[in-house]
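User: Please take a close look at one part of this structure, namely a salt bridge and the charged side chains around it. I am new to this structure and would welcome a connected account.

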Amino acid sequence: MLFVPFIPFFFALSAVSAQQISDHIEIKGPIDAKSVERLRSQITPDAKTLVIESAGGDEASAIEIGKIVAENHLNVQVDTFCLSACAMYVLAGAHEVRVSDAGLVGFHTPALGTAQLMHKISPGSEIFKKMDKIARDSFSLYSTQRKDPKILMSAFYASEVDCIIIQKEQGAIRNIRIRALVDVWVPQREVLEGGGWRIAGYWPTSKDETIRLSKKYLKDEVVVAFGPEAAKAIKSNILISDKSCPARKI
């Protein structure tokens, strides 16, 4: 049973790696169960900072990494990019998020919002149960770290889900794919800090600045949004199909 969101990602991702550099631990690549175990193996009493570069990956694994970061009181440093599950969950566990002048942090369709959609479409299904558990775990991570989970719902609204494909096999839902109009949402620094985040270093202050920065790492067709206007709780009509979504209007 799979849940596969539409993410027109971004560039070719290298295999995940984790290594320790003095008091720094480094992770690069997509987040999955293997990256969780590799990170655990690198933790030492001297570790103070996790340096991360990731376009995201498996939400459950990212939440686990967020917990490891929190349990070890680590700062997280973003020198390049930390997107989607990386931003929403790994950074949520950080004592302090440190962003370089070239660093890009962006959110995308979290499980907390997706589970609400699944509840309306397929309550009681296995895929809903899976997403609901991830949503509850993400809420727990935020609450434990005294961070406002409302930021996750803002990220969901900002993603502007417009199409859902439901694939069935012998009457049971086999797969659900969610397509969003926005690929990367960058909240204002003040919004995150008001929600309990500690941020040091650079943060974009406008959509134009965010787009200029995103061009360093993302393909031209990736849609980037910035700030509270993009995260209003207004949903367009969502098309539900068993075949395909129409071409995305960018």
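Analyst: Arginine 40 and glutamate 64 form a salt bridge, with the closest N and O atoms 3.5 Å apart; the term denotes a side-chain nitrogen of Lys or Arg within 4 Å of a carboxyl oxygen of Asp or Glu. Because arginine 40 lies in helix α1 (residues 33-42) and glutamate 64 in helix α2 (residues 59-71), the pair ties together parts that are 24 residues apart in sequence. Helices here are DSSP runs of H or I with at least four residues, numbered from the N terminus.

The model is predicted, with local features needing pLDDT of at least 70 and side-chain atom pairs counting only at pLDDT 80 or more, while totals for chains, interfaces and linings use all residues. Residues are numbered from 1 along each chain as its sequence is written, and side-chain values use heavy atoms, leaving out hydrogens and water.

Arginine 40 has a relative accessible area of 40% and is partly exposed, a class between buried (under 20%) and exposed (over 50%), for a 1.4 Å probe and protein chains only. Glutamate 64 is also partly exposed, at 28%.

Glutamate 64 forms a salt bridge with lysine 67 as well, the closest N and O atoms being 3.4 Å apart. These two residues are three apart in helix α2, so about one helical turn separates them. Lysine 67 is partly exposed, at 27% relative accessibility.

Together, Glu37, Arg40, Glu64 and Lys67 are linked in a network of salt bridges. In total, the structure holds eleven salt bridges.
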